[in-house]
Amino acid sequence: MAEIEVPQFFVCPISLQIMKDPVTTIAGITYDRESIEHWLLTAKDCVCPVSKQPLQRNSEFLTPNHTLRRLIQAWCSSNAVNGVDQIPTPKSPLEKTHVEKLVKDLEIPRFFLMSLEKLHDLATESERNRRCMASSGVAKAMVHLITKSFKQGNTTSLEESLRILRLLCSSDMVDNMKHLVGENFDFLNSLTWILQLEMDNDVKMINEAMPILKLAIEVKDSTPLGNLKLEFFRPIVSVLRNRAISQHAIKSALHVLIETCPLGRNRMKIVEAGAVTELIELVLEKQEKNLTELMFILLAHLCSCADGREQFLQHAAGIAVLSKRTLRVSPATDDRALHIFSLIAKFSATNDVVQEMLKVGAVSKLCMVMQADCASYLKEKARGILRLHSKAWNNSPCIQVYLLTRYQR
């Protein structure tokens, strides 16, 4: 393949690969459909990549170049013996009218399952299809089906509805979701209901539902979110407890808790739901950097209240795991860890807690922060914590080593 010279006009200017579905823009430049559609969707300035002329973001303004496609296919066929792959004729773009008919057929019992299956297949097929579906009312139909299932306690076809909606959530539909969620809590309640279902495929359902719940919380007005009930948070915290759940779903659960935590009395309810204990258990396991950062952000929020600190200190590994992760993950994690240490040292530092910080290495780690190559504000935080209980820690060997070595750098 490396020895074959590919005609230059067969190559997409964006991907620099042979075009599978060449289309021409109003600027007269031909690109591969997938590449130019992605460009139109994501580019900050909607201009032709080659000519810099303004373009419409709507892919309906792209004209299929059938002549060029046939030339490319013929060239590929004649060079098949040299290892060139054949290029199949692309499917026609999905039409909005076809999608709208499938949505209407969902209301007819005998067509319901067939229409739902076709919508799932279309959503799985391509990003182009998902964008068409998002603009044709499919997301609204799925929200309606999920809410209806919740109200009727019926799980038939619930997983398929969730899958379709989650696939559409990967498209640019934040504004769509904001309109769908509105002021009605039925949809949010239906998602938390799904988290509590005991079914053979409950893990799959949770993996589908949590990213949708995350998006719904992000776009919902913050005022009503300050009045969430304890029953809303219990199933979300239970997601952190389930080790069979995907990391993507766990991240979504953490995002939901972080987003809602500062509002109203939610912090107290999240603590009451047992989130602090579950977070410590998660931190004890080796997690990826982004997940650990999210856990420490949420822990810092929860430890800002007395009940949160009490639950943290009741866990035998709380202070130890906090110390262990400091200086081992990222500056963001260090910042939150030191914030938690500061809250504990200021407001919850009984004699037992102060001695435990010494015994499990927290004081040593604070001294290490003072000497490590990290941001000056982190050093200042560590210094402030050490000063709070300097009398209790003054005879510690690590304090003595720090005093002897701090000027050697």
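**Entry 1: second largest pocket**

I looked up the second largest pocket in this predicted model and found a volume of about 620 Å³. I then asked which of its 20 lining residues are the closest to the centre. They are D21, E34, E125, S126 and R128. I noted the elements that give two or more residues to this lining: helix 1, helix 4 (109–125) and helix 5 (127–134). By class, I have eleven charged residues in the lining of this pocket, with five polar and four nonpolar.

I found an open sheet of three strands, in the order 2-1-3, with antiparallel pairing. Which strands are at the edges? Strand 2 (30–32) and strand 3 (63–64) are, since each of them pairs on one side only. Helix 1, already noted for its part in the pocket lining, covers residues 33–42 and packs on this sheet. I have helix 1 touching strand 1, strand 2 and strand 3. The direction of helix 1 makes about 95° with that of strand 2.

I also checked the pairing of strand 1 (residues 22–24) with strand 3: it is antiparallel and runs over two bridges. Within strand 3, T63 is the residue that stands opposite T24.

Rolling a probe the size of a water molecule over the atoms shows where empty space is left. How many cavities of 30 Å³ or more does the structure hold? I found one. For the largest cavity I wrote down a volume of about 50 Å³. Its lining consists of T25, I26, L40, L55, Q56, N58, F61 and L62. I sorted this lining by class and got five nonpolar and three polar residues, with no charged ones. The lining of the second largest pocket, by contrast, has eleven charged residues.

**Entry 2: salt bridges**

I have 19 salt bridges for the structure. I looked at one of them, between K101 and D105, where the closest N and O atoms are 3.1 Å apart. How far apart are K101 and D105 in helix 3? They are four residues apart in that helix (residues 96–105), so about one helical turn separates them.

**Entry 3: N207**

Last, I looked up N207, which lies in helix 10 (residues 202–219). Leaving aside neighbours within four places in sequence, I asked which residues N207 is in contact with. The contacts are R166, I245, S246 and A249. I also took the C-alpha separation of N207 and V239, which came to 9.6 Å. Along the chain, N207 and V239 are 32 residues apart.

Technical notes. Residues numbered from 1 in each chain as written. Predicted model: local features only at pLDDT ≥ 70, side-chain atom pairs only at ≥ 80, totals over all residues. Heavy atoms only, no water. Pairing = 2+ DSSP bridges. Contact = heavy atoms within 4.5 Å. Axes fitted to C-alpha atoms, helices over the stretch in contact; angles between N-to-C directions. 1 Å grid on protein atoms, 1.4 Å probe; cavity = no way out; pocket = protein on both sides within 12 Å on 5 of 7 lines; lining within 4 Å. Points joined across faces, edges and corners; volume = space filled by probe spheres on them. Nonpolar A, V, L, I, M, F, W, Y, C, P; charged D, E, K, R; others polar. Salt bridge = Lys/Arg side-chain N within 4 Å of Asp/Glu carboxyl O.
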